[in-house]
Amino acid sequence: MSAFKEQILKDIDDVFADTDEFFEEHIVNGRKMPVMVDGNENAERTKFQKVYHEGNKAKKLLIYVKASDFGRLPAHGSRIIIDSSEFLVSDAINEAGMYSITMEASG
């Protein structure tokens, strides 16, 4: 692994996923892990989309989580439970060891 990639992984642990700064502990699929819920970025990403569920705008959620904490990158349509709320994955990207996962409320 290159020194640059090693530094990125170190920064994910020491800077980005710091629960004193950006991330908070949540229960994700039954496991406690640091997660950043990003309402602002999600609002920008969906500003011009019209996503409706039974006549109402579907609740969307964008989270960032360390790949090493979460495990395998979730597939589109897979179910994720965060703090007892159920979501379905609409997009998931591995950003150099950090996952950005966009979800919609299930049911």
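The model is predicted, so local features need pLDDT of at least 70 and side-chain atom pairs count only at pLDDT 80 or more, while totals for chains, interfaces and linings use all residues. Residues are numbered from 1 along each chain as its sequence is written, and side-chain values use heavy atoms, with hydrogens and water left out.

The protein has three helices and eight strands. From the N terminus on, the order of elements is α-β-β-α-β-β-β-α-β-β-β.

The accessible surface comes to about 7000 Å². Carbon and sulfur atoms hold 50% of this surface. Areas were computed by the Shrake-Rupley method with a 1.4 Å probe; for residues, only the protein chains shown count as cover. Of the 107 residues, 32% are buried. Buried means under 20% relative accessible area, exposed means over 50%, and partly exposed lies in between (1.4 Å probe, protein chains only).

Side chains of opposite charge can pair when their charged atoms come close. The whole structure holds three salt bridges, each defined by a side-chain nitrogen of Lys or Arg within 4 Å of a carboxyl oxygen of Asp or Glu. One joins Glu104 and Lys60 at 3.6 Å, N to O. This pair links distant parts of the chain: Glu104 lies in strand E8 (residues 98–105) and Lys60 in strand E5 (residues 60–66), 44 residues apart. Glu104 is partly exposed, at 23% relative accessibility. Another salt bridge pairs Asp69 with Lys66 at 3.7 Å, N to O. Asp69 is partly exposed at 23%, whereas Lys66 is buried at 13%. Arg79 and Glu86 also form a salt bridge, their closest N and O atoms 3.3 Å apart. Glu86 is partly exposed, with a relative accessible area of 32%.

His26 lies in strand E1 (residues 24–28). His26 is buried, at 13% relative accessible area. Its side chain makes a polar contact of 2.4 Å with the side chain of Asp83. A polar contact is a pair of N or O atoms within 3.5 Å; within protein, one must be able to donate a hydrogen and the other to accept it, and residues adjacent in sequence count only if both atoms are side-chain atoms. Leaving aside neighbours within four places in sequence, His26 is in contact with Arg31, Lys32, Met33, Val35, Val37, Ile82 and Asp83.

Note on methods
Helix = DSSP H or I, 4+ residues; strand = E, 2+ residues; numbered from the N terminus. Contact = heavy atoms within 4.5 Å.
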